[in-house]
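These notes are meant for a colleague who is opening this structure for the first time. Please read the numbered points with the sequence and the model side by side.

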Amino acid sequence: MPVYEYECDECGVFEEMRPMSRFMDPCPCPECGTEARRVMISVPRLSAVSSRVRHAHETNERSADSPKRSNHGPGCGCCGGGTKKPSKTLHHPNGAKSFPTKRPWMISH
């Protein structure tokens, strides 16, 4: 059975599951009881993609309006945001730096 969205002039939008044979009929608002007109049909939750991809999409949708925040600051390993890669820069005792994996013709500043 499809889920239809209705809009009440007083209370706003609500969803109702109804048979397709009654798709044109107005629906009583669950809050105030007045007849509400159908706005659109909602997309059904079909499993056309793998559960991993669906979970990633759901996580992305949640983070769009309420992103997960950490109180621990940058570099925190417990919240998943801070596994820092080791530096490839070599620091010499006299304060000079060298970058052995970078362009050898460039001079360090």
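1. The model is a predicted one, in which local features need pLDDT of at least 70 and side-chain atom pairs count only at pLDDT 80 or more, while totals for chains, interfaces and linings use all residues. Residues are numbered from 1 along each chain as its sequence is written, and side-chain values use heavy atoms, with hydrogens and water left out.

2. Ala36 also belongs to the largest nonpolar core, whose seven residues are Tyr4, Tyr6, Cys8, Phe14, Cys27, Cys29 and Ala36. Strand β1, residues 3-8, gives the most to this core, with three residues; strands here are DSSP runs of E with at least two residues, numbered from the N terminus. A nonpolar core is a set of buried Ala, Val, Leu, Ile, Met, Phe, Trp, Tyr and Cys residues joined through side-chain atoms within 4.5 Å, and buried means under 20% relative accessible area, with exposed over 50% and partly exposed in between (1.4 Å probe, protein chains only).

3. The whole structure holds one aromatic pair. The ring centres of tyrosine 6 and phenylalanine 14 are 5.8 Å apart and the planes stand at 25 degrees, so the pair is stacked; the rule asks for Phe, Tyr or Trp rings (the six-membered one for Trp) with centres within 6.5 Å, and planes under 30 degrees apart count as stacked, over 60 as edge-to-face and the rest as tilted. Both tyrosine 6 and phenylalanine 14 are buried.

4. How many salt bridges are there? The count comes to three, a salt bridge being a side-chain nitrogen of Lys or Arg within 4 Å of a carboxyl oxygen of Asp or Glu. Glutamate 7 pairs with arginine 37, with the closest N and O atoms 3.5 Å apart. Glutamate 7 lies in strand β1 and arginine 37 in strand β4 (residues 35-41), so this pair ties together parts that are 30 residues apart in sequence.

5. Arginine 37 also forms a salt bridge with aspartate 9, at 3.2 Å between the closest N and O atoms. Because aspartate 9 lies in the loop between β1 and β2 (12-17) and arginine 37 in strand β4, the pair ties together parts 28 residues apart in sequence. Glu7, Asp9 and Arg37 are thus linked in a network of salt bridges; aspartate 9 is exposed at 66% relative accessible area, whereas arginine 37 is partly exposed at 46% and glutamate 7 is partly exposed at 29%.

6. Arginine 22 and aspartate 25 meet in a salt bridge at 3.6 Å, N to O. Arginine 22 is partly exposed at 38% relative accessibility, and aspartate 25 is partly exposed at 33%.

7. Cysteine 29 is buried at 5% relative accessibility, whereas cysteine 32 is partly exposed at 38%.

Definitions and conventions: Helix = DSSP H or I, 4+ residues; strand = E, 2+ residues; numbered from the N terminus.
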